[in-house]
Amino acid sequence: MEVNDRIEDINTLILEIANGNFNHSLEISDSFDEIDAIVSGINMLGEELKASVIAKNYLNSIFEGIVDMLIIFDKHFSIKEVNSKVGELLGFHQEDLISQNIAFLFPSEEKETLELMKNQLAYQGFLYNQESSFRHHSGHTVPVSASLSLLKDNDNKVQGYVLVAKDLKQVLLTADALKQKNSELQTLVYKVSHDLKGPVASVMGLLDLAEMAGDDLVTVQNYLTHIKNSLGKLNHTIVNLFEYSLSTQPSFELNTFFIKPLLEEIINSYASSPAASSIKVKVDVAADLYITSGKKFVISIFQHIIENAYTFKGNAQKNSYLKISALQKEKNLLFYFEDNGCGMDANVLSRAFDMFYRGHSASKGSGLGLFIVKSNVEKLGGDISISSEVSVGTKITILLPSLTGNTISIS
């Protein structure tokens, strides 16, 4: 090959490398002359550049793949690099942060914490899980857990710092939810032990009195009536406790069932109730209306609401009623329960769904009824609202979606 042609090939190789084509190279001749030496050097340069670009792309992939905020700043605390997570969680464009002092990310009330972090970093060279906060572009603060370490060159001289910050919002929300659950559990244990202990002690005392009454059948009968009432309270507490435990299960089976016969079956179960003759129940639901959902939970929801209508029906002189209606709305079902009973004032209404809250003197239960209703509605992916007025009545609206599949797991 002519020298001019070989020089032309070398020029082409240099242009290819300059354009990022590091796979382009030239062959070395057997004679290995001066031109071959130049070609060999350029080939080696191409290989080194190729390795460098691959390494850089690999590091960039790691940099962007980190799920937490990653910030690199120099020894003057000027930000040099941030990953996309910083912009995502703090609302800033990445380019807006480059060259800013790291203090830019800290709200004014955290400046002292920042100085302490700098001092600790200078003293021991690293800092782990320091709780602080960053400022969001919108002005609010984002709680974070920050870890810092030094960046050193080959001569072990500090060139900058690496900061990894974990967003603590979800952690704090989870912690608050756990505290709430623990509080509910403590209250549950206390209330249930109280509600179980009371009727049991009452029954035991009444049995002792019944034994002492001897052949006085009237007195014995009176004690038996009281025993029956105490056992009724005990049974009510146990049933509510079972329903509460059911609502906390991690999964449930789905069933497809018609709404109207289910409602009628529940209403008929109250036929022997003393209040049954003094309240008129109207079910305005199409016979072919059905839903795919957790049937046990739906039954529990309906039972508690209907039972409340009987319990708080109000003045015996007025024509008490409970109207139940339902309609299809896209893939959801809307249920309306409307009565003209005692009703609730604003203070009682605001706590209607609280665990163990009993806002009316007529309430003889555990105070778990509407709490269970709301829990079950939410477990089924629905929504519930309630409006009420004293001596006028109460209206409960429930939206339940028609679900799909065989089993639903709750995370």
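This is a predicted model: local features need pLDDT of at least 70, side-chain atom pairs count only at pLDDT 80 or more; totals for chains, interfaces and linings use all residues.
The space within the largest cavity is about 70 Å³.

Nine names make up its lining: Phe73, Phe77, Ile102, Leu114, Met117, Lys118, Leu121, Leu148 and Leu163. Sorted by class, the lining of the largest cavity holds eight nonpolar residues, one charged residue and no polar ones. Helix H5, which spans residues 111-124, contributes the most to this lining, with four residues.

## The five-stranded sheet

Five strands form an open sheet with mixed pairing, arranged in the order S8-S10-S11-S13-S12. Strand S8 (279-284) and strand S12 (383-389) lie at the edges; each has a single partner strand, so one side of each is left without a neighbour in the sheet. From one strand to the next, the twist averages 10°.

At one of the edges, strand S12 runs antiparallel to strand S13 (residues 393-401), and seven bridges join the two. Within this pairing, Glu389 has Gly393 of S13 as its bridge partner.

Helix H11, formed by residues 369-379, packs on the sheet and touches both S12 and S13. The direction of helix H11 makes an angle of about 145° with that of strand S12.

Methods: Residues are numbered from 1 along each chain as its sequence is written. Side-chain values use heavy atoms; hydrogens and water are left out. Two strands pair if DSSP finds at least two bridges between them. Axes are lines fitted to C-alpha atoms, for helices over the stretch in contact, and angles run from 0 to 180 degrees between N-to-C directions. Contact means heavy atoms within 4.5 Å. On a 1 Å grid over the protein atoms alone, a cavity is a set of points where a 1.4 Å probe fits but cannot get out, and a pocket is an open set with protein on both sides within 12 Å along at least five of seven lines; lining residues have an atom within 4 Å of a point. Grid points are joined across faces, edges and corners, and a volume is the space filled by probe spheres set on the points. Ala, Val, Leu, Ile, Met, Phe, Trp, Tyr, Cys and Pro count as nonpolar, Asp, Glu, Lys and Arg as charged, and the others, Gly among them, as polar.
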